[in-house]
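Let us walk through this structure step by step. Keep the sequence and the 3D view side by side.

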Amino acid sequence: MPVLDIQSLVKRYRNGTMANDGISLAIEEGELFGLLGPNGAGKTTLVGQLLGLLKPTAGSIQIDGVDVVARPGYAREQIGFLPQAQVAMDDVHIDELIFAVARLRGLSRSEARARTEALIERLQLSQFRATSMRAASGGVRRLAGFATAVVAPARIVVLDEPTNDVDPLRRRLLWDAIAEMREEGTTVLLVTHNLHEAERFLDRLAIIEHGRIVREGAPADLRSVVTERLRLEVTATNGLQPHPALDCEPDRPGSYLFDNADLVIVSSWLEERRKAGEIVDFRIGPPSLEDIYAASVGADTP
Amino acid sequence: MRFLTQYFELTRLQLLSMRSDVFIISLINIAFVAGFIFGFGYLFGDVSSRAGAFLTTGVATNAIIVVGLTMMPQFLAEAKQQGRLDYFRSLPISREAYILSLLTVVLVLSLPGIVLGLLTGWWRYDVSFDISPVILLVVPLAVLSLGGFGAAIAILSPRLQLTNAISQLSIFYFIFFAPVLLPRENLPTALQRTADLLPPTYAADAVRASLTDLEGTHLERSLLVLLGFAVASIAVAAASIRRRA
């Protein structure tokens with residue numbers, strides 16, 4: 001039985017906006033599952049319903065078989081949550097915040113203190129422990145927020161853009177902490193725009209657009225869905241005119257997509273241009289998650 | 001037991017989150033009440049001891065009104081806008097504990113103004129107080145009632161700007177058009193009737209009844225009305241937080 005089972009979830013706001021339109025997902029214990037999609041796709045609405053902050057128009061959400069639409073309090077007991085917006089606690093020191101949330105989530109005083117100390121150590125926040133949330137940098141605030149989400153045992157941890165503003169070193173610590181949680185059986189639902197991290201760390205993902213899931217699966221499986229397209233990365237001298245079969249990407253100079261059927265033509269053209277000294281190096285590979293994402297959400301993606 | 005732990009931790013968290021502001025908020029509140037006591041003296045000239053007692057108890061009530069009906073709604077409206085309210089809603093905590101923790105913050109922030117207001121009145125107008133232990137019930141009940149009313153306004157109001165406008169207008173109303181600082185009989189009938197519907201009228205009456213021997217007070221009635229307002233507004237605020245859009 002999946003830990004989190006969402007079936008035919010519909011959320012229509014009073015103003016008529018259809019934010020979720022028949023979403024179904026089943027997420028297993030210990031799975032690291034990602035929700036991807038452009039702004040306004042319906043990811044936050046989905047999380048809001050999961051946490052019992054919003055009421056679905058139709059459909060069901062179950063955690064370990066418990067109907068959390070009927071019992072939103074149960075969902076809040078089972079879910080640790082890091083919101084996308086920084087937790088605005090102005091003058092609260094980082095260690096005070098983690099400790100207080102641990103207590104609010106039901107840990108005893110001694111347990112809360114031990115968990116707080118462990119997380120401060122783990123996320124290398126010792127030098128910031130007495131820094132107020134107002135004075136801390138964006139990355140440190142994010143890590144403190146992450147610590148509050150995981151300070152107490154939870155069946156599911158929902159992390160909305162956890163690595164935003166976090167420096168590369170601490171980002172690694174954070175991913176290590178997430179990996180450890182998974183090993184202990186915690187299910188992680190990650191809302192992210194970071195496709196590189198999604199490709200690297202997620203077990204499975206769903207791409208949401210206009211309130212619907214347009215793709216779902218493991219990153220590797222999703223890549224095979226779009227095998228009709230290949231990616232070409234070229235290091236060229238100035239003045240290279242791309243072959244007509246190549247689709248240029250305005251934001252990524254030297255990067256092209258082309259149809260699998262044109263592989264022979266493109267390969268011959270690449271060899272010719274290399275001999276002519278116009279191409280220094282090139283690489284042809286499968287599409288990245290970014291390609292899958294772009295193919296899934298369309299050209300109007302921000 | 002869990003409720004008490006949550007209430008205690010939430011109160012601590014709210015106070016810690018404004019630790020650098022507590023002093024300045026208290027100072028503003030003290031300046032506000034002292035300004036009223038001295039200012040009315042300049043306005044009316046020779047204020048009798050009884051008029052001074054009326055004014056002083058009204059100003060002490062006003063210290064609660066300022067925090068409960070202006071700062072509390074603005075604080076909560078900001079919490080809504082900044083996502084802090086939703087963050088607390090996402091935690092497995094009692095909604096009533098959350099509201100009560102905010103009201104405790106109102107009490108803490110009001111106390112310096114109440115005490116300093118009474119002391120300033122005693123010193124400036126030679127007010128002789130007739131202190132009843134009931135004041136220990138009156139002040140928390142007034143805070144629950146006025147702060148709960150403020151919380152309900154903030155939570156039901158759709159926008160921060162609207163909340164700010166309502167709270168600023170309410171303070172103006174309670175200073176100039178309500179029987180808090182002014183005797184009820186000096187107000188036109190329409191304002192008397194309006195005042196009968198609002199909790200600050202009963203808070204001022206209960207404060208007067210428990211601190212002075214002024215005539216025309218109705219302690220039991222005021223306590224009952226304040227209790228009713230407190231229960232109703234906390235229930236409305238908690239239900240609004242609990243409600244899923």
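Start in chain A, at Glu31(A). Leaving aside residues up to four places away in sequence, Glu31(A) touches Ala26(A), Thr186(A), Thr187(A), Val188(A), Asp203(A) and Arg204(A). Keep in mind that this is a predicted model. Where does Glu31(A) lie? Look in the loop between β2 (18–27) and β3 (32–36) of chain A. Is Glu31(A) buried or exposed? Its relative accessibility is 9%, and residues under 20% count as buried, so Glu31(A) is buried. Its side chain also makes a contact with the backbone: it reaches the backbone nitrogen of Glu28(A) at 2.8 Å.

Now step back to chain A as a whole. Its secondary structure comes to 10 helices and 14 strands. Along its principal axes, the C-alpha trace spans about 70 × 45 × 35 Å. Chain A has 302 residues, and 52% of them count as buried. Consider next its contacts with a separation of 6 or more. Of these, 68% join residues 24 or more positions apart.

How is chain A divided into domains? The domain assignment gives domain 1 (4–218) and domain 2 (228–286). Taken over C-alpha atoms, the centres of domain 1 and domain 2 of chain A are separated by 40 Å.

Two other loops of chain A deserve a look at the backbone. Most residues other than glycine have a negative phi. Asp64(A) has a positive phi of about 50 degrees, although it is not a glycine. Find Asp64(A) in the loop between β4 (58–63) and β5 (66–67) of chain A. Asp64(A) counts as partly exposed because its relative accessibility is 24%. Glu161(A) also has a positive phi, near 50 degrees, and is a residue other than glycine. Glu161(A) sits in the loop between β7 (156–160) and α6 (168–183) of chain A. Its relative accessibility is 4%, so Glu161(A) counts as buried.

Cross now to chain B. What does Ser17(B) touch, not counting residues up to four places away in sequence? The list is Met89(A), Asp90(A), Asp91(A) and Val92(A). With a relative accessible area of 7%, Ser17(B) is buried.

Move on to helix α2 (residues 19–44) of chain B, which holds Ser26(B). Ser26(B) counts as buried because its relative accessibility is 11%. A polar atom of its side chain lies 2.9 Å from the backbone oxygen of Val22(B). Not counting residues up to four places away in sequence, Ser26(B) touches Leu109(B) and Pro112(B). Ser26(B) and Ala63(B) are 37 residues apart in sequence, yet 9.8 Å apart in space, C-alpha to C-alpha.

Next come the helix pairs of chain B. Two packed helices are described by the angle between their axes and the distance between the axes. Take helix α3 (residues 49–82) of chain B with α6(B). These helices pack at an angle of about 35 degrees, with their axes 8 Å apart. Their crossing is right-handed. On the α3(B) side, the contact includes Ile64(B), Ile65(B), Gly68(B) and Leu69(B). On the α6(B) side, it includes Ala142(B), Val143(B), Leu146(B) and Gly147(B). The residues of this contact divide into 14 nonpolar, three polar and one charged.

Now pair helix α6 (residues 135–156) of chain B with helix α10 (residues 219–242) of chain B. They pack at an angle of about 35 degrees, with their axes 8 Å apart. What is the handedness of the crossing of α6(B) with α10(B)? This one is left-handed. Among the contacting residues are Leu137(B), Val138(B) and Leu141(B) in α6(B), and Leu219(B), Leu223(B) and Leu226(B) in α10(B). This contact divides into 20 nonpolar, four polar and no charged residues.

Finish at Asp213(B), in the loop between α9 (199–211) and α10 of chain B. Asp213(B) touches Arg50(B) and Asp130(B), not counting residues up to four places away in sequence. Asp213(B) and Ala53(B) are 160 residues apart along the chain, and their C-alpha atoms are separated by 9.1 Å.

Technical notes: Residues numbered from 1 in each chain as written. Chains lettered and ligands numbered in written order. Predicted model: local features only at pLDDT ≥ 70, side-chain atom pairs only at ≥ 80, totals over all residues. Heavy atoms only, no water. Axes fitted to C-alpha atoms, helices over the stretch in contact; angles between N-to-C directions. Helix = DSSP H or I, 4+ residues; strand = E, 2+ residues; numbered from the N terminus. Left-handed = near helix turned anticlockwise from the far one by under 90°. Contact = heavy atoms within 4.5 Å. Nonpolar A, V, L, I, M, F, W, Y, C, P; charged D, E, K, R; others polar. Domains from an automatic or database assignment. Buried < 20%, exposed > 50% of the residue type's maximum accessible area, 1.4 Å probe, protein only. Polar contact = N/O pair within 3.5 Å; in protein donor to acceptor, adjacent residues only side chain to side chain.
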